[in-house]
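Please prepare a careful briefing on the strand pairing, helix packing and salt bridges of the structure shown here.

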Amino acid sequence: MDLTRNDSTLEGIYIYLNKKQPIQLSGTIDAEGNVSLMEFVTMRTKYGEDMKETGKFTGKMDNSTFKGTWSGGGKSFPFELTESKDKNYAQLSYMSHVKSYKAQGKEGNGGATIDYAYCQVIDCGSDAAKTAINQAIMKEILMGSDVDGKQNMYASIEQKMEDYIANFRKDATELNTDNPDGMSLNYDDLLSTQVLYNNNYLLSISHFASVYMGGAHPNSAATYFNYDLKTGKILTLNEVLIPGYKSKLLPIAEKLFREQNGVGNQSLAAAGYFDMDDDKGKFSLAENVAFQADGLLFTYGQYEIAAYVMGMPGIKVPYTAIKDLIKKDGALAWAL
């Protein structure tokens with residue numbers, strides 16, 4: 001079982017060793033360590049995917065153990081787990097920065113909120129790797145754009161927040177001056193980090209960002225980062241799969257994309273995926289990929305291959321489908 005705690009919230013997975021398929025976990029823990037943890041499995045429906053609750057862990061957690069009762073399907077069993085002290089995973093701490101502002105005076109109505117929740121590595125067995133990963137995470141968070149759309153690196157989150165509020169006040173004043181009876185202006189800049197995998201010297205995280213600055217809807221993106229906990233380096237497919245993997249991976253991924261997104265045998269364009277081909281007319285794979293417990297998760301960005309209403313389509317490629325492509329001495333060798 002691999003759990004991540006953020007205040008009173010617990011998220012993670014657990015795996016039956018004879019099946020090696022991760023089961024999702026989500027629940028709460030109170031100040032006394034009492035835990036209620038639901039398990040879910042993904043079910044395919046004609047509308048896509050749905051999560052079905054299949055069981056529940058209830059018990060108590062202290063500094064090194066978690067024990068209690070699992071129940072599901074009319075059955076119940078006692079369980080006891082002991083925390084692993086191996087250094088093949090990262091110990092994480094969660095940070096949260098929130099700043100809100102309500103428009104006033106000449107700024108009209110509305111307001112702005114900037115809310116960042118992210119993780120930092122406390123320990124991963126290597127001080128150099130810890131420093132490199134934390135710096136990379138902060139670099140992503142502190143990156144911004146100025147009024148001309150050029151990339152800008154802020155010195156701190158506080159500076160970025162102050163600049164964000166200042167830009168809102170300027171825009172709100174201009175809008176209210178031009179349209180004193182018009183709509184109020186509301187800005188939101190939200191970022192949250194989710195741990196997708198944290199074991200076997202591999203940390204995979206997702207930064208989900210949602211930015212709203214007026215208009216019909218916010219712009220959102222989920223960006224994945226896979227870190228080698230021995231070196232702190234960001235891993236790519238080229239480093240975990242064998243040379244020449246693309247020609248073999250593409251047909252596997254296309255088949256799975258069609259199955260998982262309900263495309264069937266019709267053309268991708270007819271199914272609403274308007275830009276799925278590369279310059280040679282072949283299926284193209286998203287560059288955004290996460291290394292998870294059971295496979296590679298590829299996610300396309302909003303508008304990258306489909307209209308906004310179709311969200312951010314994805315493909316899960318199980319490791320069992322690409323065993324021949326995984327380097328036996330690479331960072332995914334544990335999946336073999």
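**Sheet, helices and salt bridges**

Ser192 has Phe208 in S13 as its bridge partner. The model is predicted, so local features need pLDDT of at least 70 and side-chain atom pairs count only at pLDDT 80 or more, while totals for chains, interfaces and linings use all residues. Residues are numbered from 1 along each chain as its sequence is written, and side-chain values use heavy atoms, with hydrogens and water left out.

**Sheet**

- Strand S12 (residues 185-199) and strand S13 (residues 202-213) run antiparallel and are joined by twelve bridges; helices (H or I, at least four residues) and strands (E, at least two) are DSSP runs, numbered from the N terminus.
- An open sheet with mixed pairing is formed by five strands in the order S8-S9-S12-S13-S14, where two strands pair if DSSP finds at least two bridges between them.
- S8 and strand S14 (219-228) are the edge strands, each of them pairing on one side only.
- From one strand to the next, the twist averages 15°.

**Helices on the sheet**

- Helix H1 (residues 127-142) packs on the sheet and touches S9, S12, S13 and S14, its direction making about 170° with that of S9; contact means heavy atoms within 4.5 Å.
- H2 lies across S8, S9, S12 and S13 and runs at about 165° to S9, with axes taken as lines fitted to C-alpha atoms, for helices over the stretch in contact, and angles running from 0 to 180 degrees between N-to-C directions.

**Salt bridges**

- The count of salt bridges comes to seven, a salt bridge being a side-chain nitrogen of Lys or Arg within 4 Å of a carboxyl oxygen of Asp or Glu.
- Lys99 and Glu162 form one of them, with the closest N and O atoms 3.5 Å apart; because Lys99 lies in strand S8 (residues 91-102) and Glu162 in helix H2 (residues 157-178), the pair ties together parts that are 63 residues apart in sequence.
- Lys99 is partly exposed at 27% relative accessibility, and Glu162 is partly exposed at 47%, where buried means under 20% relative accessible area, exposed over 50%, and partly exposed in between (1.4 Å probe, protein chains only).
- Glu107 and Arg169 also meet in a salt bridge through their side chains, at 2.5 Å from N to O, and this pair links distant parts of the chain, with Glu107 in the loop between S8 and strand S9 (110-123) and Arg169 in helix H2, 62 residues apart.
- Glu107 is buried, with a relative accessible area of 7%, whereas Arg169 is partly exposed at 38% relative accessibility.
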